[in-house]
Amino acid sequence: MEASVILPILKKKLAFLSGGKDRRSGLILTIPLCLEQTNMDELSVTLDYLLSIPSEKCKARGFTVIVDGRKSQWNVVKTVVLMLQNVVPAEVSLVCVVKPDEFWDKKVTHFCFWKEKDRLGFEVILVSANKLTRYIEPCQLTEDFGGSLTYDHMDWLNKRLVFEKFTKESTSLLDELALINNGSDKGNQQEKERSVDLNFLPSLDPETVLQTGHELLSELQQRRFNGSDGGVSWSPMDDELLAQPQVMKLLDSLREQYTRYQEVCRQRSKRTQLEEIQQKVMQFRSVALDVLLVRRPCCCCCIWTLDFTCFWVVNWLEGPGSEQLRAQWGIGDSIRASQALQQKHEEIESQHSEWFAVYVELNQQIAALLNAGDEEDLVELKSLQQQLSDVCYRQASQLEFRQNLLQAALEFHGVAQDLSQQLDGLLGMLCVDVAPADGASIQQTLKLLEEKLKSVDVGLQGLREKGQGLLDQISNQASWAYGKDVTIENKENVDHIQGVMEDMQLRKQRCEDMVDVRRLKMLQMVQLFKCEEDAAQAVEWLSELLDALLKTHIRLGDDAQETKVLLEKHRKFVDVAQSTYDYGRQLLQATVVLCQSLRCTSRSSGETLPRLNRVWKQFTVASEERVHRLEMAIAFHSNAEKILQDCPEEPEAINDEEQFDEIEAVGKSLLDRLTVPVVYPDGTEQYFGSPSDMASTAEHIRDRMKLVSLKRQQLRHPEMMTAES
């Protein structure tokens with residue numbers, strides 16, 4: 001079924017493929033119902049046509065059908081949904097019926113689709129337009145449903161018509177060209193001529209069909225490029241809905257068959273021209289032979305015959321032969337054009353070869369007459385021989401120069417084409433947004449970018465060398481135009497060569513500018529990844545410091561001096577942790593700045609920053625607990641040591657009961673604190689060290705408290721000290 005056949009129905013937009021896809025990558029088929037009664041037959045025809053477009057692989061993923069019933073009645077929606085069962089039951093996976101804001105009367109919607117799922121073969125859901133995004137991403141919905149996907153139905157329809165016309169014409173033309181080309185390759189010469197004569201002109205112009213295909217392919221590629229880089233939403237003219245590979249395949253086949261067809265035509269034209277030349281040459285050979293046979297005894301007659309034949313050869317070389325060379329002054333603007341000019345030049349050379357063969361025979365005959373002729377005939381024969389040689393050598397030089405010029409032009413255009421492809425590849429690489437996973441992949445991409453740019457530099461240098469060589473050949477062109485001014489023609493060739501080189505230079509400069517921007521962006525991305533990695537490493541370091549604080553920083557010292565040393569070491573340890581935290585914060589701030597410059601989101605701000613803050617809060621709580629314990633231990637040891645020292649100079653201080661009570665209270669508080677875990681802000685708990693470590697520390701404190709208690713008893717009962725002494 002072709003779109004042109006059902007064009008009036010398709011224009012009604014009873015259903016369409018917007019190009020959007022569901023979460024399973026299945027295509028979205030939209031049926032916008034209207035206030036007017038929908039013709040079910042026309043809708044069925046539209047669905048049949050639309051479902052014939054996607055590939056089988058695409059159909060296998062299933063369709064999501066959106067039935068827009070906001071402007072229709074319930075019985076129409078129900079009929080459409082039931083019709084889908086007969087039209088596309090296997091391909092439909094989900095049907096979303098968009099209900100109006102004021103829902104249909106429940107009395108008329110008693111038909112429950114969900115109960116009919118097994119019979120229908122697909123799931124049907126009733127959903128409002130603003131909740132449709134629960135099932136389909138907004139970027140895959142058209143503006144009618146609050147999405148951002150752009151769809152132009154008439155533009156799509158026009159492109160479908162162009163595509164189907166090109167497919168039909170190219171297929172028909174391929175069959176005709178294949179018949180012509182295959183017929184020219186089979187049978188004997190007579191069959192070949194008959195086949196070519198009968199089918200020589202195809203019904204369609206190959207150049208026109210090729211141009212249509214190239215314009216269509218360019219349009220599709222432009223849509224793909226804009227959709228992938230410029231942010232424009234996908235249209236339905238992608239590979240699955242318009243089969244871009246099919247267009248490329250048809251173009252390749254058409255170019256191949258058309259090239260063969262041109263070769264068939266060229267060979268036929270060449271054979272025809274050669275036959276005409278051979279016929280003329282044979283006629284003059286026959287005339288000359290008759291004259292020689294009839295008037296053989298007369299040497300003057302022989303000289304006259306040679307003179308007549310030489311005149312004919314010189315007349316053709318300086319006449320039609322030179323005119324052919326005068327008409328061929330261009331060098332072409334592409335590889336194909338240069339190759340076509342080379343083929344034309346080969347035909348001219350073939351025509352000249354017949355006359356050069358006559359020249360060789362005439363030269364041999366003149367040489368024979370010079371050996372056997374009279375003295376009076378030698379001057380005339382040598383003059384005739386010199387004239388003939390001058391004309392033939394001059395014409396041969398012109399042919400050789402033209403051949404060398406065309407070969408140089410072909411090489412120049414070949415290098416230009418290769419360079420253009422390299423620039424296109426480099427531009428395509430620059431137009432694709434960079435989304436690497438890590439710094440190593442960025443470095444690899446940057447290296448590849450530099451290699452491509454270097455390759456372009458080498459290609460441009462090669463193009464300049466080829467172009468300069470071609471310009472030198474043109475400037476050194478011999479004046480063989482026989483009075484014709486070739487300055488204008490040469491100027492066009494020079495302008496073309498210089499224009500190609502300047503255009504390539506400008507394209508390279510634009511690519512270099514884009515490479516500079518991309519290089520800066522990629523270096524910033526490398527720096528971003530480095531900052532993110534270092535920030536994550538800072539979190540790991542802080543976690544290790546926290547772990548070390550809880551597992552190894554558990555001793556409280558055996559005396560006040562040692563405890564003070566431990567407290568000083570702990571403060572230095574906290575300074576290290578503070579520096580690590582500040583370093584991580586600075587790195588994360590740098591990532592924010594880089595992300596603002598790169599216009600991207602930072603993974604660190606969403607993941608690493610909360611981790612860093614969480615670990616730092618845990619470390620702060622544990623550190624403060626450690627400080628409190630050490631300060632209590634210092635107070636305990638200082639007071640205990642003061643009591644335990646034998647200081648008779650201050651008996652009133654030692655006898656103060658309050659000091660003993662304070663030491664006992666501090667010791668008990670310290671023992672109690674050793675049994676309490678560290679409580680983090682998130683409610684989790686963590687103990688310092690192992691139970692055995694804490695037991696050892698507590699035992700030491702208890703021993704010191706026992707000594708203080710014993711001292712207290714001794715001070716209360718001095719007789720005990722006397723008895724002991």
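Q: Hi! Quick one to start: is cysteine 595 buried or exposed?
A: Hi there! Cysteine 595 is buried, with a relative accessible area of 5%. Keep in mind that this is a predicted model.

Q: Okay, and what about cysteine 139, how exposed is that?
A: Cysteine 139 is partly exposed, and its relative accessible area is 41%.

Q: How many disulfides does the structure hold?
A: Zero disulfides.

Q: Let's switch to the inside. How many residues does the largest nonpolar core have?
A: The largest nonpolar core has 81 residues, and Leu470 and Phe619 are those with the most contacts inside it. Several elements give two or more residues to this core, among them helix 13 (375-431), helix 14 (439-475) and helix 16 (560-598).

Q: And which helix gives the largest share of this core?
A: That would be helix 15, with 19 residues. Helix 15 covers residues 487-551.

Q: You mentioned Phe619. Which residues does phenylalanine 619 touch?
A: Not counting residues up to four places away in sequence, phenylalanine 619 touches Leu545, Leu546, Leu549, Phe573, Val574 and Ala577.

Q: What residues does the second core include?
A: The second core is separate and has 39 residues, including Leu47, Leu50, Phe63 and Val77.

Q: New topic: rings! How many aromatic pairs are in the whole structure?
A: A search of the whole structure finds five aromatic pairs. One of them is phenylalanine 16 with tyrosine 151: the ring centres are 4.7 Å apart and the planes are at 15°, so this pair is stacked.

Q: What about tyrosine 581 and tryptophan 616, what kind of aromatic pair do they form?
A: Tyrosine 581 and tryptophan 616 form a stacked pair, 4.7 Å centre to centre with 10° between the planes. Tyrosine 581 lies in helix 16 and tryptophan 616 in helix 18, so the pair ties together parts 35 residues apart in sequence.

Q: And which residues do ring pairs link into a cluster?
A: Phe573, Tyr581, Trp616 and Phe619.

Q: Back to that loop between strand 5 and helix 6. Where does threonine 142 lie?
A: Threonine 142 lies in that loop, between strand 5 (123-127) and helix 6 (153-185). Threonine 142 is buried, with a relative accessible area of 7%.

Q: What is threonine 142 in contact with?
A: Leaving aside neighbours within four places in sequence, threonine 142 is in contact with Phe16, Ser18, Gly147, Leu149 and Tyr151.

Q: Last topic, the strands. How many bridges join strand 1 to strand 2?
A: Three, and these strands run antiparallel. Strand 1 and strand 2 form a hairpin with five residues between them, and serine 25 in the turn has a positive phi of about 70°. Lysine 21 has leucine 27 in strand 2 as its bridge partner.

Q: And do strand 2 and strand 3 run parallel or antiparallel?
A: Strand 2 and strand 3 (residues 63-68) run parallel, and six bridges join them. For instance, threonine 30 has isoleucine 66 in strand 3 as its bridge partner.

Q: How many of the six residues of strand 2 are buried?
A: Five, so to speak a mostly covered strand.

Conventions. Residues numbered from 1 in each chain as written. Predicted model: local features only at pLDDT ≥ 70, side-chain atom pairs only at ≥ 80, totals over all residues. Heavy atoms only, no water. Disulfide = S-S within 2.5 Å. Buried < 20%, exposed > 50% of the residue type's maximum accessible area, 1.4 Å probe, protein only. Core = buried A, V, L, I, M, F, W, Y, C linked by side-chain atoms within 4.5 Å. Helix = DSSP H or I, 4+ residues; strand = E, 2+ residues; numbered from the N terminus. Contact = heavy atoms within 4.5 Å. Phe/Tyr/Trp six-rings, centres within 6.5 Å; stacked < 30°, edge-to-face > 60°. Pairing = 2+ DSSP bridges.
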